[in-house]
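Here's a quick briefing to read alongside the coordinates.

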Amino acid sequence: MPLDLEEQEQVAELRAWWQQHGNLILAVVVAAALAFTGWQAWRWYSSSQAAQAAGVFDTLAKAAQGGDAKALRDAAGTLIESYPRTLYASMGALVAARFHFDRSDFKSAKAQLQWVVERAPSEDFRDLARLRLAAILLDEKAYDEVLKVLEAKLNPAYESQFAALRGDVLVAKNQPADARAAYQLALDKAGKEQGAFRESVRMRLEALGG
């Protein structure tokens, strides 16, 4: 059926509009399709990476339990090199750090903890690694390094523990007034459920005459 005059004008307008904007619309559609495809591919890739990393972490955990240093080092290296963006890499580094610390290999322990501080995607893991790294440095009497580690912005959940550790460093540096202030802050920030921790800090504060 032939188009009437009004319909012909509408078709002409549509053709003119499409000629003006068609390429842009086509580009947007193609970009959206590519973005969706890329997102789906990234989801699959992330899921695949996490599944593979979980398997390597399981190997690392079993090596730690069995005291197999070589298998643990191999698994930890694979996680860090091949799956650095996964949480399993951070967890593996923390487990490896504890394994090395228990065997007095402080250099390896610090290297694992430093990796977590610098690369972990989780803020909690980074703060936990800082806390453990600072404790090792305190044992090594590297007091200025400890204070530098403790200067980092942290999750409030760890504030009391960081303050207590800062107090320990200041006691070692013979700065009792500053140490008392740090211990008091640790007590103020500690939750009621942290009974043992609060008692430990209170005893340290009393020893300074606080």
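From the N terminus on, the elements of the protein chain run α-α-α-α-α-α-α-α-α. That's nine helices and zero strands, taking helices as DSSP runs of H or I with at least four residues and strands as E runs with at least two, numbered from the N terminus. Keep in mind that this is a predicted model, where local features need pLDDT of at least 70 and side-chain atom pairs count only at pLDDT 80 or more, while totals for chains, interfaces and linings use all residues. Residues are numbered from 1 along each chain as its sequence is written, and side-chain values use heavy atoms, with hydrogens and water left out.

**Whole chain**
- Of the 210 residues, 32% count as buried (under 20% relative accessible area, 1.4 Å probe, protein chains only).
- Take the contacts (heavy atoms within 4.5 Å) with a separation of 6 or more: 53% of them come from residues 24 or more positions apart.

- Setting aside neighbours within four places in sequence, Leu79 touches Ala53, Val56, Phe57, Leu60, Pro84, Tyr88, Ala89 and Gly92.

**H5 against H6**
- The axes (lines fitted to C-alpha atoms over the stretch in contact, with angles from 0 to 180 degrees between N-to-C directions) of H5 (residues 123–139) and H6 (residues 143–150) come within 8 Å and cross at roughly 170°.
- That makes the pair roughly antiparallel (angles over 145 degrees).
- On the H5 side, the contact is made by Arg130, Leu133, Ala134, Leu137 and Leu138, and on the H6 side by Tyr143, Glu145, Val146, Val149 and Leu150.

**Ser90**
- Ser90 sits in helix H3.
- Why does Ser90 count as buried? Because its relative accessibility is 0%.
- Neighbours within four places in sequence aside, Ser90 is in contact with Trp115, Val116, Ala120, Pro121 and Phe125.

Key:
Parallel < 35°, antiparallel > 145°, perpendicular 65-115°, else oblique. Buried < 20%, exposed > 50% of the residue type's maximum accessible area, 1.4 Å probe, protein only.
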